[in-house]
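Subject: Handing over a two-chain structure

Dear colleague,

My notes come after it.

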Amino acid sequence: MLILLLFAVIAIIAAILVVSMKNIMHCALFLALFLLSVAGIFFYLDADFLGIVQILVYVGGIIVLILFAVMLTSRVSSALLEQTNEQKGLAIAACLLLAAAITAAAFRTPLATTLNPVKAEGTTHFTGELLLTVYALPFEIASIVLLVALIGAIVLAGKKGE
Amino acid sequence: MMFLPLIGLSAIIFAIGVYGALTRRNAIGILMSLELMFNAANINLVTANKYLNLENSVGIIFPIFIITIAAAEAAVGLAIILSLYRQTKTVYVEKINIMKW
């Protein structure tokens, strides 16, 4: 319980820093911290496979991609530029309203909260079984999507005229 | 019972992500805010899977596909940003108006 609270506080603080820091490089590093604390929340919620995937794919892959993009596109002067547009106050109001609406909707919905029995060996075994039986077709489609994204990224960012 | 607090946590993180996507000028910052929103959705689904006894543990399977699509989205999005940067020498979205005519 205390560990979950710690991870939640770290996640919220890191998320706020991601959207408010001026230096986009620091934003990317705080995004890594946020993703790691979300992985901790996943581990707490008995989703061990998902936590490992989160660390491998997000922190190991997407953060590296983002850091590369930041380093390839930022200039020396860009740390001094204003990073937010002029709609800041309006956006804060809209987002507070959105969070309040989602939370109110969750509180007003009568959900039968029955605790899932925790499996002793974790959920990885069942996840693998489900991915190759019930969810086999979405699994294959996801691989095609990844292939298309790979080719698309190469075509978009590759050198022209070769 | 941590069900509703965790739903509230995911709502807060989603709202922070929406704020970032609305106010960031840097296109890479907007992509990072999108990642925040994806993660809020994942926390929501995993929480529902733990406390609501879902069929076929759909709350574990769905985040796997969300993470897959997020990885594909990040790769293509960053490639588009790099390509735009080569053409326009900027990543600030209000300066990228080559489709406006």
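Predicted model: local features only at pLDDT ≥ 70, side-chain atom pairs only at ≥ 80, totals over all residues.

Residues are numbered from 1 along each chain as its sequence is written, and chains are lettered from A and ligands numbered from 1 in the order in which they are written.

On confidence, the model has an ipTM of 0.93 and a pTM of 0.91.

Chain A contains six helices and zero strands, which gives the pattern α-α-α-α-α-α along the sequence; helices here are DSSP runs of H or I with at least four residues, strands are runs of E with at least two, and both are numbered from the N terminus. Of the 162 residues in chain A, 25% are buried, where buried stands for 20 or more other C-beta atoms within 10 Å of the residue's own, exposed for 12 or fewer and partly exposed for anything in between, with C-beta atoms placed from the backbone. Two residues are in contact when their C-beta atoms, placed from the backbone, lie within 7 Å, and among the contacts in chain A between residues at least 6 apart in sequence, 56% join residues at least 24 apart.

The domain assignment, which is automatic or taken from a database, divides chain A into domain 1 (1-81) and domain 2 (121-162). Their C-alpha centres are 22 Å apart, and four residues of domain 1 of chain A are in contact with four residues of domain 2 of chain A.

Between the chains, the contact takes in 69 residues of chain A and 60 residues of chain B. On the chain B side, helix H1 (3-23), helix H2 (27-52) and helix H3 (58-88) each supply at least two residues, and the largest share, 20 residues, comes from H3(B). By class, this side of chain B has 41 nonpolar, 14 polar and five charged residues, counting Ala, Val, Leu, Ile, Met, Phe, Trp, Tyr, Cys and Pro as nonpolar, Asp, Glu, Lys and Arg as charged, and the others, Gly among them, as polar.

Leaving aside neighbours within four places in sequence, A:Phe34 is in contact with A:Ala11, A:Ala14, A:Ala15, A:Val18 and B:Leu36.

Finally, two angles deserve a look, given that most residues other than glycine have a negative phi. A:Asp46, in the loop between H2 and H3 of chain A, has a positive phi near 65°, and A:Asp46 counts as partly exposed because it has 19 C-beta neighbours inside 10 Å. B:Lys89, in the segment after H3 of chain B, has a positive phi near 60°, and B:Lys89 counts as exposed because it has 10 C-beta neighbours inside 10 Å.

With kind regards
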